[in-house]
Amino acid sequence: MTEGVDHSKRRMLIAATTAAGGVAAAGAAVPFVLSLMPSERAKAAGAPVEVDISAIQPGSMISIEWQGKPVWIVRRTPEMLEMLGKHNDALVDPGSTMPQQPEYCNNATRSIKPEVLVVLGVCTHLGCSPTFRPEVSPVDLGANWAGGWFCPCHGSRFDLAARVFKGVPAPTNLIIPPHKYLSETRLLVGDDSQNPSSVPDRKLSENYQLNGDASKGAAV
Ligand code: FES
């Protein structure tokens with residue numbers, strides 16, 4: 001294990017499974033990476049979650065559970081990253097001016113490393129979990145769709161940096177949770193305490209803007 005890793009029992013290692021490769025398939029299945037027994041899960045509720053991201057294929061996503069909520073980890077392709085700068089006019093907050101991410105993710109890709117996005121999978125409208133739709137121009141989402149997430153509850157749309165589009169019910173971009181790299185292939189979700197550019201979790205929690213049922217999508 002790399003330096004800086006806390007090996008306490010409260011941190012549970014979750015091994016990433018093979019990520020879904022269905023970039024071309026609408027509604028591609030997303031592996032939900034979970035290996036904790038219920039009692040262990042209860043102990044782990046609220047604890048940071050360590051994730052092996054080495055098996056996530058380019059263009060694919062895995063989902064883990066942190067604090068009872070889904071957290072998505074996407075390995076974006078160069079093509080996906082290139083798309084991000086092409087629809088700023090259609091976004092509510094293209095520059096991430098609202099405090100929906102830690103300081104170290106307040107950049108064009110909303111991530112520490114451009115290719116890896118870590119995002120809370122909870123819609124900022126009423127707390128549904130949107131569907132990963134990485135394909136370009138699918139029939140049901142239209143010719144302008146360049147990949148992202150679609151929330152089937154009320155139709156909110158988010159791009160591949162989890163930024164919300166104008167004209168949908170969700171008011172803000174999806175939340176980027178605190179996280180940090182333990183190594184090239186291991187992430188710790190829920191703890192950024194050793195990240196020199198991080199902001200305190202409490203400040204982040206106070207500032208997050210998330211509407212709806214707090215039990216479904218409370219700020220972290
Ligand atoms: S909960 Fe997602 S659009 Fe309403």
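Okay, housekeeping. Because the model is predicted, local features need pLDDT of at least 70 and side-chain atom pairs count only at pLDDT 80 or more, while totals for chains, interfaces and linings use all residues. Residues are numbered from 1 along each chain as its sequence is written.

So, the overview. The protein chain has four helices and ten strands. Those are DSSP runs, numbered from the N terminus: helices are H or I with at least four residues, strands are E with at least two. Reading from the N terminus, you get β-α-β-β-β-α-β-β-β-β-β-β-α-α. Of the 220 residues, 37% count as buried. Buried here is 20 or more other C-beta atoms within 10 Å of the residue's own, exposed is 12 or fewer, and partly exposed is in between, with C-beta atoms placed from the backbone. As for contacts, take those between residues at least 6 apart in sequence: 64% of them join residues at least 24 apart. A contact is two C-beta atoms, again placed from the backbone, within 7 Å.

Three strands form an open sheet in the order E3-E4-E5, with antiparallel pairing. Strand E3 (61-66) and strand E5 (116-120) are the edges with a single partner strand each, so one side of each has no neighbour in the sheet. The twist averages 20° from one strand to the next; that uses axes fitted as lines to C-alpha atoms, with angles from 0 to 180 degrees between N-to-C directions. Two strands count as paired if DSSP finds at least two bridges between them.

How many bridges join E3 to E4? Six, and the two strands run antiparallel. In that pair, Ile62 sits opposite Ile73 in E4. The E3–E4 hairpin has two residues between the strands, and Gln67 there takes a positive phi near 55°. On the other flank, five bridges join E4 (residues 69-75) to E5. There, Trp72 faces Val119 in E5, and Arg75 faces Val116. Five of the seven residues of E4 are buried, so E4 is largely enclosed by the rest of the structure.

Buried or exposed? Arg76 counts as buried, because it has 25 C-beta neighbours inside 10 Å. Setting aside neighbours within four places in sequence, Arg76 contacts Leu81, Glu115, Leu117 and Leu160. Its C-alpha is 6.1 Å from that of Val116, 40 residues away along the chain.

On to the core. The largest nonpolar core has 38 residues, and those touching the most other members are Ile64, Val71, Ile73, Val118, Val119 and Val189. By nonpolar core I mean buried Ala, Val, Leu, Ile, Met, Phe, Trp, Tyr and Cys residues joined through C-beta atoms within 7 Å. Strands E2 (49-52), E3, E4, E5, E7 (148-150) and E10 (186-189) each supply at least two residues of this core. Beyond its neighbours within four places in sequence, Val118 has contacts including Val71, Ile73, Leu187 and Val189.

Last stop, the other open sheet: three strands in the order E6-E7-E8, with antiparallel pairing. Strand E6 (131-133) and strand E8 (157-158) are at the edges here. Three bridges join E6 to E7, with Phe132 opposite Trp149 in E7.
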